[in-house]
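Colleague: I would like to go through the terms used for this model one by one. Please set each value against its cut-off.

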Amino acid sequence: MEGKNLLRYLFFLSAIVLLLFFTLLNLPSPPSKAELLDCTTSSLWCTPKNRIQSKNPITKPNSHTADVPHHPLDPLTLTEFNRVKKIIQSHELFKNSVYALHSVVLEEPEKKAALNWKKGDPLPARKASVIARARRVSHVLTVDLSTGEVSQHETNQYSGYPTMTVEDMNSVIWAPLASADFNRTVIERGVDLIDLSCLPISTGWFGKAEESRRLIKVQCYSMKDTANFYMRPIEGLTVIVDLDTKEVLKITDNGKNIPIPKANNTDYRSSVQNSYQRLVNPISIEQPNGPSFTVEDDHLVKWANWEFHLKPDARAGAIISRVMFRDPSSGEMRSVMYQGHTSELFVPYMDPSDAWYFKTYMDAGEYGFGLQAMPLDPLNDCPRNAYYMDGVFAAADGTPYIRSNMICVFESYAGDIGWRHSESPITGMEIREARPKVTLVVRMAASVANYDYIVDWEFQTDGLVRIKVGLSGILMVKGTPYVNMNQVNEQENLHGTLLSENVIGVIHDHYITFYLDMDVDGSDNSFVNVHLQREHTSPGESPRMSYLKAVRKVAKTEKDAKIKLKLYDPSEFHVVNPSKKTRVGNPVGYKLVPGGTAANLLDLNDPPQKRGAFTNNQIWVTPYNKSEKWAGGLFVYQSHGDDTLKVWSQRDEPVENKDIVLWYTLGFHHIPCQEDFPIMPTVTSSFDLKPVNFFESNPILGIPPNVEKDLPICKAAAAASA
């Protein structure tokens, strides 16, 4: 009896603890057995027992050892990476030499060959494009995987160095510890060496003193008592290191009077939070029949009327190719875009002081946007029923490795409306029609040191593609003696915002430039600026004095297509196929619809802006050139700006009715605020690629409305466990 009484007591105590727990979290009480058995109650709970799961879960670990290419644009397989490694090892350039492979990717076949290929055809010859360094010299190579032949390409015409390898970044942050002067300086600043965490910071280019060798600057932080070491900078301490030899060249400490900010309230990890505020109940989209999309042959995504090829990339992050849409009226698969991806990111900080002036990052060309992509977190980064795609990349010695869960694909429904109309009662017609908007999202997230970028390609059933960029992560901050704004002289420029005691968030910009090789119903397209201009009526013509008129101007050359956005001088920007017309005679097309964005305000002669000159305009149009995919140039690290989108565009080549590439730069000005401390809520902006006379009418007119029987429900617990 005593044992039974003890059990009853423990059960009773547990119930009280649970009740207190749910009360404190402001959550509803757990469901009763009756609620679980009755799926018609208004307070329905979905639990792991009664939830209907997808019949075919599509996430699984993959060793990739059995991967084979199925499509001309499929990335290199594990086997092919190993083949490249073996060929390079035996090549004369690298025998008996220390070398590093900075990039190993598929050398894509000629565009015409890829367009003409159909499933079942033999694949074009598989080749790898390799960027390597040996004996302080950069080499660009093509490796034929079937013959083993290696072709070498000219690299001396432009300045700059290849993207850093992961090994470069990992090894250089330890280099300062070989210096007794550095170690002594750190200890004098009050930081134990065991608590030291350092970052590799690209130097940019500011003159001849930085030529002839790869340089990097290393700055350090204290990670004592926090994982968020970014908030504890050893301000003013900068070490210049030779990236090839790891030799410490110079140590500067201009911050001896600046304290290390305290660790209080800087850690963002869930495990160290003192309390949680459950503001909303958990939410999830249930798909009883599984997702509506498929991924065939590892890279071909099909959803609704869309079809496209998707692959991870070490530099771009994600590359989307051969984007096609099935016309609902004709059933024809129609081309929209040949290829699209992130081309470059430019992040200049607005502090000209010695420890900050060089912080003008180009995250794709210097660090590798895809190399910095971390595994996505299921249920938080991506919802249930997401499909995950791994990246396979090459280490500096050529050994392949897997970046798991690098990209996710999922369907999204946020209660948005695809289209609707309700008729007014005055008409006597009782009409209420609405259709839900479900979209397909392709997502990758890169953590480039402190900053996190989320890039979404969102496909809608009406033919629109929305490209969205989210910024989150942690600010790069500056140490300061100030603990309150009342200590700051009004004339003093902090170059940012005092976020916490001894912490300044420095003003900076983000520019993300996208490469968009539009192929609207074919490769030969034209760029049309549809300008809205004010017209005035003639005296006596109308009670109106003014109205707007759309004036179409077809860009003849690249110069005509350089666009700076102006709110009070608006235009639409169309990419049309002049040889394809709708039933009523309009050229079929897509238009670029900018969302919220920012323009670069730096002086055009400022060295960082010369390198980032691709942000001088929001829109550029260039003729297709297979070698011109990276807006900052092939070799961005320490480049002088002599191989950028701006330079290519100065050729002013014809772009009318040609195979053209559209470039768009999405921008953010960021003046930090206290809500960004210690980690930033995500801020987003986007732009659209929207059909404009591409279809004969609304392409989603025929989709049915939702009805109750179509929607997911929970089974009774008893039935689910049966």
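Predicted model: local features only at pLDDT ≥ 70, side-chain atom pairs only at ≥ 80, totals over all residues.

Colleague: How many helices and strands does the chain have?

Modeller: The chain has 10 helices and 32 strands. These are DSSP runs numbered from the N terminus (helices: H or I, at least four residues; strands: E, at least two).

Colleague: Why is Val301 called buried?

Modeller: Buried means under 20% relative accessible area, exposed over 50%, and partly exposed in between, with a 1.4 Å probe and protein chains only. Val301 has a relative accessible area of 0%, so Val301 is buried. Val301 is found in strand E10 (residues 300–303). Of the 722 residues of the chain, 50% count as buried.

Colleague: Which residues is Val301 in contact with, leaving aside its neighbours within four places in sequence?

Modeller: They are Thr294, Val295, Trp306, Glu307, Phe308, Leu310, Val409 and Leu440. Contact means heavy atoms within 4.5 Å.

Colleague: What makes Ala318 count as buried?

Modeller: Ala318 has 7% relative accessibility, and therefore counts as buried. Ala318 has its place in strand E12 (residues 317–326). Not counting residues up to four places away in sequence, Ala318 touches Leu310, Lys311, Gly340, His341, Ile407 and Met444. The C-alpha atoms of Ala318 and His341 are separated by 6.3 Å, and the two residues are 23 residues apart along the chain.

Colleague: Thr644 is in a loop between strand E30 (619–623) and helix H9 (645–649). Is Thr644 buried or exposed?

Modeller: Thr644 is buried, because its relative accessible area is 0%. Among the residues that Thr644 touches, not counting those up to four places away in sequence, are Lys610, Arg611 and Ala613.

Colleague: How do you know that Arg133 and Asp244 meet in a salt bridge?

Modeller: A salt bridge is a side-chain nitrogen of Lys or Arg within 4 Å of a carboxyl oxygen of Asp or Glu. For Arg133 and Asp244 the N to O value is 3.0 Å, and the side chains meet in a salt bridge. Arg133 lies in strand E2 (residues 127–134) and Asp244 in the loop between strand E7 (237–242) and strand E8 (248–253), so the pair ties together parts that are 111 residues apart in sequence. Arg133 counts as buried at 5% relative accessibility, while Asp244 counts as partly exposed at 28%.

Colleague: How many salt bridges are found in the whole structure?

Modeller: A search finds 31. One of them joins Lys95 and Glu92 (3.4 Å, N to O). Lys95 counts as partly exposed at 37% relative accessibility, and Glu92 is exposed at 59%.

Colleague: Which residues form the positive surface patch?

Modeller: Lys559, Lys562, Lys564, Lys566, Lys610 and Lys646 form the patch. Patches are made of residues with over 30% relative accessible area and no salt bridge, with like charges joined within 9 Å and nonpolar side chains (Val, Leu, Ile, Met, Phe, Trp, Tyr) within 5 Å. Lys and Arg count as positive and Asp and Glu as negative, while His and the chain ends are not counted.

Colleague: Why is Lys559 called exposed?

Modeller: Lys559 has a relative accessible area of 59%, so Lys559 is exposed. Lys559 is found in the loop between strand E27 (546–554) and strand E28 (571–581).

Key
Residues numbered from 1 in each chain as written. Heavy atoms only, no water. Areas by Shrake-Rupley, 256 points an atom, 1.4 Å probe, with all protein chains shown as cover. Charge placed at Lys NZ, Arg CZ, Asp CG, Glu CD.
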